[in-house]
Amino acid sequence: MFKHLLPAFALGLAACAQAPQAQTAPTKSEAALPTPLPLERLYQSPSLSGPSPRALAFSPDGKLVTFLKPRPDDSTRLDLWAFDVATGEASMLVDSRILEPEEVELSEEEKALRERQRIAGVKGIARYDWGTASTILVPIGGDLHLINLSSGTPEARQLTETDAFEYDAKVSPAGKYVSFIRDGALFAIELATGKETQLTPDGDASKALSYGTAEFVAQEEMSRYTGYWWSPDDAYVAYTRVDESTVDIVPRFDIAADKVTVVEQRYPKAGRPNAVVDLFVRDMGTGNAVEVDWRRNDWGPATDQYLARVNWLADSLAIRRVDRDQKVLQLELYSTDGGGGYGSESSERSDTWINLNNDFRPIRLRPGPEARFNDMGYLTTTEAQGYRHIVFASRQGLEADITSGDWPVSAIEYANAGDNVAYFTGYKDTPLERHLYSVPLAGGEPTRITPLGSSWSITMSPDGQSYIG
């Protein structure tokens, strides 16, 4: 049963911000005079609005909340901090200036990715990824660092040191590997041995060919920023092959503070060909890779079909594809042996536009030592009935509505069959405020958790017992 959801937890996190310094009270004559605020002060550090945390995440054991915090002397440079849930104390885990004494020029791929994620102006630590409860992966300066917290004092282990720029780095779900993209190819480092393995063929910039990457349309229009996905047990990794040779080369202006340059860029204009995106699955045990034929023959050429989302359901792939008009969204399950799909699980159509989402939550239906395909179901959301709501589906084709009504779900935040509950954000009480709700997996009336009067952004703990709001 769910016991310890903490609505007031956000108040503790607010204490991480630096408290204002005490000041001497102004005299009556001083108080009457307005303090001038020069225009340039609006863009200087520290920020007038104070430091605000970014990229909040729970540690896998739920004991820490980590976040990126700007430096007092440079609001664009972020360091990694941690908030101890038990003590309420915040401290810096990683000083970005120690890992990156001198600022490194970003690769064009990293610049493009940050632009799509709207973090182009960030310096220092732009992102990080939890591994185990005592390890954090920190990409910075074009190299990768693994931060170990087990000794009580953070210790950094540098995983890569190359002239190339490693990006889109992740810790695999079971914690065995750290993976990343380098020169248009996917690599993995086995953490136990430090052995580095190239998982895909070489990328070829001259042919606009890359592996494990997300093309422009996926990043900018579909909010898919990666092109590879680990299976839950690290036994497989699915990855894309992106051929952009079909995409037009278009000149664009690159505007900097002191100059304007013209850049030649492959840009998929409306009505023109998109990239060709193929999908493969590599068996980490044998090293063999097979192609997954995810496209539909009746949807036209490969350049007119979008690979929108890829998720894992035990040892099978759940693929969501969209047609060129973006009026049809289909979810289909595929085996990892390249034998084809099991059949379309769901299809959503719109006369105008399909809205994509990241809602896909595997649910184990039966207990056991391994998550087998037929033992798994999943929650997702659909707008098939007019409003976005949560539905349940299983391999056997069962489907049930978990929520319903004339109001929309925003996102599924957590779901667990053992707790018999799903947590989601939505607008049930008022269209002006997003709130956190719980609902039984069997369906029923949702229960609002967050108080009225504000709109909430939520990060749930891995065990569903607390949240950041």
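Guide: Start with helices and strands. Helices (H or I, at least four residues) and strands (E, at least two) are DSSP runs, numbered from the N terminus. The protein has five helices and 34 strands. This is a predicted model, in which local features need pLDDT of at least 70 and side-chain atom pairs count only at pLDDT 80 or more, while totals for chains, interfaces and linings use all residues. Residues are numbered from 1 along each chain as its sequence is written, and side-chain values use heavy atoms, with hydrogens and water left out.

Visitor: What makes L39 exposed or buried?

Guide: Buried means under 20% relative accessible area, exposed means over 50%, and partly exposed lies in between (1.4 Å probe, protein chains only). L39 has a relative accessible area of 60%, so L39 is exposed. L39 sits in the loop between helix 2 (28-32) and strand 1 (54-58). Across the protein, buried residues make up 45% of the 469 residues.

Visitor: Why are L37, L39, L42, Y43 and L48 called a patch?

Guide: A patch is made of residues with over 30% relative accessible area and no salt bridge; like charges are joined within 9 Å, nonpolar side chains (Val, Leu, Ile, Met, Phe, Trp, Tyr) within 5 Å. L37, L39, L42, Y43 and L48 form a nonpolar patch of this kind on the surface. Together they have about 600 Å² of accessible area. Such areas come from the Shrake-Rupley method with a 1.4 Å probe; for residues, only the protein chains shown count as cover.

Visitor: Which residues have the most contacts inside the largest nonpolar core?

Guide: A nonpolar core is a set of buried Ala, Val, Leu, Ile, Met, Phe, Trp, Tyr and Cys residues joined through side-chain atoms within 4.5 Å. The largest has 20 residues, and L80, Y128, I136 and V138 have the most contacts inside it. Strand 2 (64-71), strand 3 (74-84), strand 4 (90-94) and strand 7 (135-140) each supply at least two residues of this core. Apart from it lies another core, of 16 residues, among them A275, V281, V292 and L307.

Visitor: What does V138 touch?

Guide: Contact means heavy atoms within 4.5 Å. Not counting residues up to four places away in sequence, V138 touches L80, L99, I125, Y128, D143, L144, H145 and I147.

Visitor: How do you know that D248 and R272 form a salt bridge?

Guide: A salt bridge is a side-chain nitrogen of Lys or Arg within 4 Å of a carboxyl oxygen of Asp or Glu. For D248 and R272 the N to O distance is 2.7 Å, and their side chains meet in a salt bridge. D248 lies in the loop between strand 16 (236-243) and strand 17 (249-255), and R272 in the loop between strand 18 (260-266) and strand 19 (276-283), so the pair ties together parts that are 24 residues apart in sequence. D248 has 18% relative accessibility, so D248 counts as buried. R272 is at 40%, so R272 is partly exposed.

Visitor: Which residue forms a salt bridge with D298?

Guide: That is R296, with the closest N and O atoms 2.6 Å apart. D298 has a relative accessible area of 55%, so D298 is exposed. R296 has 25%, so R296 is partly exposed. A search of the whole structure finds 17 salt bridges.

Visitor: Why is one side of strand 6 and of strand 9 left without a neighbour in the sheet?

Guide: Two strands pair if DSSP finds at least two bridges between them. An open sheet of four strands has the order 6-7-8-9, with antiparallel pairing. Strand 6 (129-130) and strand 9 (155-158) stand at the edges, each with a single partner strand, so one side of each has no neighbour in the sheet. Strand 8 (residues 143-148) is joined to strand 9 by four bridges. There, N148 has E155 of strand 9 as its bridge partner.

Visitor: What makes strand 3 and strand 4 a pair?

Guide: Four bridges join strand 3 to strand 4, and the two run antiparallel. L80 has V94 in strand 4 as its bridge partner. The two strands form a hairpin with five residues between them, and G88 in the turn has a positive phi of about 75 degrees.
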